[in-house]
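Please take a moment to look at the sequence and the structure before I describe them.

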Amino acid sequence: MQEVSKLPSILVLHGPNLNILGQREPGIYGTATLAEINQRLQQEAQLHQFTLSFLQSNHEGVLVDAIHSARDQHQGLIINAGAYTHTSIAIRDAIAAVGLATVEVHLSNIYRRETFRHHSYIAPVVLGQISGFGSDSYLLGLQALVRYLSQTTMQAHPNLSSENET
Ligand code: CA2
């Protein structure tokens with residue numbers, strides 16, 4: 001039986017306090033709301049024929065559960081773990097355990113800020129990190145992940161349809 005072709009899928013995870021983006025501290029985090037960022041990502045994903053899912057949570061365990069579930073539903077993960085970036089071994093372990101292609105993003109340049117933000121527990125278990133470009137960090141992260149998945153996963157799973165199908 002022929003398999004039904006489906007679009008490759010990426011989960012975008014937003015961590016604590018990102019739900020209030022655009023309402024406070026625009027000097028650090030910009031004026032875009034999370035809904036606006038998600039909408040921009042959705043438009044970009046459509047251009048590349050990828051499907052996106054979004055989740056924001058202020059709770060570490062919810063983020064860990066979402067990463068576990070992503071294993072069977074998505075080919076890639078974009079994560080801004082917020083302050084958990086600097087504290088959460090649980091989120092790091094979850095990313096390492098599922099083995100999904102993951103890009104870490106940050107609105108602000110975490111290395112230009114307080115020293116406690118200079119260390120990321122997540123960075124060693126992801127493909128790469130984009131930090132400091134405001135909401136463009138998410139867009140750049142998506143573009144990098146789409147390129148990576150198009151070159152790797154699509155060859156391993158040809159039943160996933162993508163723009164560079166021949
Ligand atoms: O720069 C980033 O994207 C961060 O992940 C944002 C986190 C921060 O703890 C990280 O060190 C870097 C903060 C999330 C947003 O917090 C807000 C606080 C006030 C107003 C709006 C957002």
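Of the 166 residues in the chain, 45% are buried, where buried means under 20% relative accessible area, exposed means over 50%, and partly exposed lies in between, with a 1.4 Å probe and protein chains only. This is a predicted model, in which local features need pLDDT of at least 70, side-chain atom pairs count only at pLDDT 80 or more, and totals for chains, interfaces and linings use all residues. Residues are numbered from 1 along each chain as its sequence is written, and side-chain values use heavy atoms, with hydrogens and water left out.

The chain exposes about 8700 Å², and carbon and sulfur atoms supply 50% of that area; accessible areas come from the Shrake-Rupley method with a 1.4 Å probe, and for residues only the protein chains shown count as cover.

Let me turn to the fold. There are 6 helices and 5 strands in the chain, taken as DSSP runs numbered from the N terminus: H or I with at least four residues for helices, E with at least two for strands. Their order along the sequence is β-α-α-β-α-β-α-β-β-α-α. Of the contacts between residues at least 6 apart in sequence, 78% join residues at least 24 apart, a contact being heavy atoms within 4.5 Å.

Next, the ligand. Which residues are the closest to the ligand? They are N80, H86, L107, S108 and R117, out of 17 residues that surround the ligand, each with a heavy atom within 4 Å of it. A polar side-chain atom of S108 lies 2.5 Å from an oxygen atom of the ligand, and for a polar side-chain atom of R117 the distance to a ligand oxygen atom is 2.8 Å. A83 takes part through its backbone, with an N or O atom 3.4 Å from an oxygen atom of the ligand. Taken alone, the ligand exposes 510 Å², of which the protein buries 94%.

Finally, I would draw attention to one residue, Y111. Y111 lies in the loop between β4 (101–106) and β5 (128–131). Is Y111 buried or partly exposed? Y111 is partly exposed, with a relative accessible area of 39%. Beyond its neighbours within four places in sequence, Y111 is in contact with H118 and Q129. The side chains of Y111 and Q129 make a polar contact at 3.1 Å, that is, a pair of N or O atoms within 3.5 Å, one able to donate a hydrogen and the other to accept it, where residues adjacent in sequence count only if both atoms are side-chain atoms.
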